[in-house]
Amino acid sequence: MAIEAYCVKCKEKKEMVDPQESLTKNGKPITKGKCPVCGTTICRIGKVK
């Protein structure tokens, strides 16, 4: 499943590498992964369908 998120360093949407679901400090769902180009951590807030 391809999950896209905005990379701040590349300044465009990229497909996440190794996405992992977790929760924020206040209990909201979030998906974290790595940018395939620069390796920066990118996040997608909300539940992944």
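**Cysteines and the sheet**

Tutor: Keep in mind that this is a predicted model. With a cut-off of 2.5 Å between cysteine sulfur atoms, the count comes to 0 disulfides. Take Cys 7, which is in no disulfide: its nearest cysteine sulfur belongs to Cys 38 and lies 3.6 Å away. Cys 7 counts as buried, because its relative accessibility is 0%. Cys 35 is in no disulfide either, and there the nearest cysteine sulfur, again that of Cys 38, is 3.7 Å away. At 3% relative accessibility, Cys 35 counts as buried too.

Now for the sheet. Three strands make up an open sheet in the order β3-β4-β5, and the pairing is antiparallel. The edges are taken by β3 and β5 (41-45); each has a single partner strand, so one side of each has no neighbour in the sheet. From one strand to the next, the twist averages 25°. Strand β4, residues 29-34, pairs with β5 in the antiparallel sense over 5 bridges. Look along that pairing and you'll find Ile 30 opposite Ile 45 in β5.

Over in strand β3, which covers residues 17-23, sits Gln 20. Gln 20 counts as partly exposed, because its relative accessibility is 49%. Setting aside neighbours within four places in sequence, Gln 20 is in contact with Ile 30, Thr 31 and Lys 32. Pro 36 is 16 residues from Gln 20 along the chain, and their C-alpha atoms are separated by 15 Å.

Notes. Residues numbered from 1 in each chain as written. Predicted model: local features only at pLDDT ≥ 70, side-chain atom pairs only at ≥ 80, totals over all residues. Heavy atoms only, no water. Buried < 20%, exposed > 50% of the residue type's maximum accessible area, 1.4 Å probe, protein only. Helix = DSSP H or I, 4+ residues; strand = E, 2+ residues; numbered from the N terminus. Contact = heavy atoms within 4.5 Å. Pairing = 2+ DSSP bridges. Axes fitted to C-alpha atoms, helices over the stretch in contact; angles between N-to-C directions.
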